[in-house]
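Thanks for coming, everyone. Please take a look at the sequence and the structure on the screen.

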Amino acid sequence: MQEALYGPLGAGTVPAKQRHFALRSELPTYAAQIGDLKKKGAKLVTVFGIGRVCHIAFWEPHFAAEFRSESDWKAQTHRLGARLHPLTIEQNALTSFRSRTTLVPAFANTIGPALFLAADRIIGGADGAFNRGMQWQGLSLRMTLHHEPTPWIPSSYMPTLAGRLFYLKELAGPLMAECH
């Protein structure tokens with residue numbers, strides 16, 4: 001994060017004490033920190049990308065099976081050591097590790113719906129296209145935009161929030177079957 005996000009922003013843009021990482025010791029404090037800041041007038045902006053299996057952050061669709069109700073699901077602020085879906089691992093291998101699947105952890109710390117759904121504004125994106133006409137995110141984008149919100153498709157909640165969603169035109173469809 002230091003190299004990929006804060007470094008390119010330039011020195012002094014985000015004070016070091018305001019840089020937060022999803023560490024075991026820090027992630028559980030996010031909800032209280034955000035709550036305190038909101039009481040002082042701060043706005044929460046969630047920046048996200050739609051995951052291959054429609055996850056947001058690393059809040060995976062299979063977590064839905066653990067909750068009795070949507071409200072219980074929405075109350076979750078975070079998860080330590082979240083078990084990642086195999087397609088999330090594949091996505092991260094393709095996009096961040098030059099397809100080296102063995103470099104991608106099978107578990108990650110992540111924020112939960114109580115945080116990403118509390119955003120005052122969102123900025124999101126879908127850019128899952130590769131050269132030679134391959135794309136892996138068209139279906140994820142369509143599900144996000146056309147399915148009613150459900151914990152089984154975490155990204156389906158994002159269009160219900162104020163903000164912007166950017167995507168590559170080629171992901172918008174139409175999605176066509178090809179026979180060879």
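**Confidence first**

Confidence in the protein is highest in helix 3 (residues 70–74), at 98, and lowest in helix 1 (residues 2–9), at a mean of 79. That score is pLDDT, the predictor's confidence in each residue, from 0 to 100. The protein's mean pLDDT is 90, and 94% of its residues reach 70 or more.

This is a predicted model: local features need pLDDT of at least 70, side-chain atom pairs count only at pLDDT 80 or more, and totals for chains, interfaces and linings use all residues. Residues are numbered from 1 along each chain as its sequence is written, and side-chain values use heavy atoms, with hydrogens and water left out.

Helices (H or I, at least four residues) and strands (E, at least two) are DSSP runs, numbered from the N terminus.

Three strands form an open sheet, in the order 1-4-5, with parallel pairing. Strand 1 (45–49) and strand 5 (163–167) are at the edges, each with a single partner strand, so one side of each has no neighbour in the sheet. Two strands pair if DSSP finds at least two bridges between them. Strand 4 (residues 121–126) and strand 5 run parallel, joined by five bridges. Isoleucine 122 has glycine 163 in strand 5 as its bridge partner.

Next, alanine 106. Where is alanine 106 found? In the loop between helix 4 and strand 3 (107–111). Its C-alpha atom is 6.2 Å from that of arginine 83, 23 residues apart along the chain.
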